[in-house]
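This report goes through one protein model part by part. Look at the sequence and the structure first, then read on.

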Amino acid sequence: MARRKLLLLLKPFDVYTVRQSNGISHITNPLILQHLENRCKVHKDAINFCQDILSKKPIEWEPVFRNNLSRPIRNVDLVVTVGGDGTLLQAGHLIDDSIPVLGVNSDPTRGEEVDMLSNEFDASRSKGYLCAATVNNFEQLLDNILEGKTVPSNLSRILIRVNSKSLPTFALNDILIAHPCPAMVSRFSFKIKSDGMPCSPLVNCRSSGLRVSTAAGSSAAMLSAGGFIMPILSHDLQYMVREPISPAAATSSLIHGLVKSDQSMEAMWFCKEGFVYIDGSHVFVSIQNGDVIEISSKAPALKVFLPPNLVY
């Protein structure tokens, strides 16, 4: 039997960099400096711990920092991400529906630390909402996966088409359609369609943009904007018009709702320029006046080993 192959996708260290090339930090508060340096150490220790565990297992594995990987991930049986939700999201952009992902939260938030330093700064660390593992349970969870005792869940992703052409990247959390300058007004319209036919009124908008989230992403920016958390395995999408300008639009039931799994949303862009941001600010596609953006949950699902509290 062929040995199992695993890719270890790592959050880079430079995201914690607090010192310049001359060794001097631009941060003067010693508590903040100590906090950031400790975060980097904890993350490095987690990487070393996971690599030590993997070296004892009868599998082939390769470590790669996420900023060094841009090609699709293929020919592996499992991807393990070490970082937080951001690293897992990046892996999701490079994987089809055949390879499962296990997220390891390398730097979990410590409640006592947040309480102690709340008057100085925000001492939150990684939330790791989609990460089932930490260093405390990584080996046991990995063994269960390799032995087939634990199975992944299928998380919906968003399929985006611009002028009928599918984008190569699927969104696991959400997309934001907006003007590239946040101070500019976004002008667009949208309608919900079923079987290719409109099933909702046409909604014309002037706002700061349109956000559409999956169930997994409903607990992130969508919730912060006033949305609601969806069951993690739902195949529906939630949408919200951000900061509508018209007072009547602000109270309309049409600016916030669901796109069912058998439906799609069709939006038309009416500004000279704009972007479709996918899972944050790092992945985006430009759009222009008259472009039609179709949004649905028809993308291949992402197989993720989830924390038990999300599934049950």
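Why does the largest pocket lie between domain 1 and domain 2? Residues for its lining come from both domain 1 (5–151) and domain 2 (158–299), so the pocket lies between them. The model is a predicted one.

## The two domains

The domain assignment of the protein gives domain 1 as residues 5–151 and domain 2 as residues 158–299. Their C-alpha centres are 30 Å apart. Six residues from domain 1 and ten residues from domain 2 take part in the contact.

Between domain 1 and domain 2, an area of about 690 Å² is buried, and carbon and sulfur atoms give 65% of it. On the side of domain 1, the residues that lose the most area to domain 2 are Leu89, His93 and Tyr129, which together make up 72% of what that side buries.

## The largest pocket

The volume of the largest pocket is about 440 Å³. It is lined by 18 residues, and the closest to its centre are Arg66, Gly86, Thr87, Gln90 and His282. By type, the lining has five nonpolar, ten polar and three charged residues.

Which helix gives the most to this lining? Helix α2 (residues 85–92) does, with four residues.

Helix α2 is mostly covered, with six of its eight residues buried. The buried ones are Asp85, Thr87, Leu88, Leu89, Ala91 and Gly92. Among the elements that cover them are the strands β1 (4–10), β3 (78–83), β4 (101–105) and β19 (302–305).

Arginine 66 sits in the loop between β2 (59–65) and β3. Is this residue buried or exposed? Arginine 66 has a relative accessibility of 17%, so it counts as buried, because the cut-off for buried is under 20%. Leaving out residues up to four places away in sequence, arginine 66 touches Leu9, Leu10, Lys11, Pro12, Val15, Gly86, Thr87 and Gln90.

## Helix α4

Helix α4 covers residues 138–146, and its buried residues are Phe138, Leu141, Leu142, Asp143, Asn144 and Ile145. The elements that cover these residues include β1, α1 (30–55), β3, β4 and β19. After α4 comes glycine 148, which has a positive phi, near 75°.

## A buried leucine and an exposed asparagine

Leucine 210 is part of strand β12 (residues 209–213). Its relative accessibility is 1%, so leucine 210 counts as buried. Apart from neighbours within four places in sequence, leucine 210 is in contact with Ile175, Leu176, Ile177, Phe188, Tyr239, Met240, Val241, Met265 and Ala267. Leucine 223 is 13 residues from leucine 210 in sequence, and the two are 14 Å apart in space, C-alpha to C-alpha.

Where is asparagine 289 found? Asparagine 289 is in the loop between β17 (283–288) and β18 (292–296). With a relative accessible area of 51%, asparagine 289 is exposed, because the cut-off for exposed is over 50%. If residues up to four places away in sequence are not counted, asparagine 289 touches Trp269, Phe270, Cys271 and Lys272. Asparagine 29 is 260 residues from asparagine 289 along the chain, and their C-alpha atoms are separated by 47 Å.

Key: Residues are numbered from 1 along each chain as its sequence is written. This is a predicted model: local features need pLDDT of at least 70, side-chain atom pairs count only at pLDDT 80 or more; totals for chains, interfaces and linings use all residues. Side-chain values use heavy atoms; hydrogens and water are left out. On a 1 Å grid over the protein atoms alone, a cavity is a set of points where a 1.4 Å probe fits but cannot get out, and a pocket is an open set with protein on both sides within 12 Å along at least five of seven lines; lining residues have an atom within 4 Å of a point. Grid points are joined across faces, edges and corners, and a volume is the space filled by probe spheres set on the points. Helices (H or I, at least four residues) and strands (E, at least two) are DSSP runs, numbered from the N terminus. Ala, Val, Leu, Ile, Met, Phe, Trp, Tyr, Cys and Pro count as nonpolar, Asp, Glu, Lys and Arg as charged, and the others, Gly among them, as polar. Domain bounds come from an automatic or database domain assignment. Buried means under 20% relative accessible area, exposed over 50%, partly exposed in between (1.4 Å probe, protein chains only). Contact means heavy atoms within 4.5 Å. Buried area is the accessible area (1.4 Å probe) that two parts lose on being put together, summed over both.
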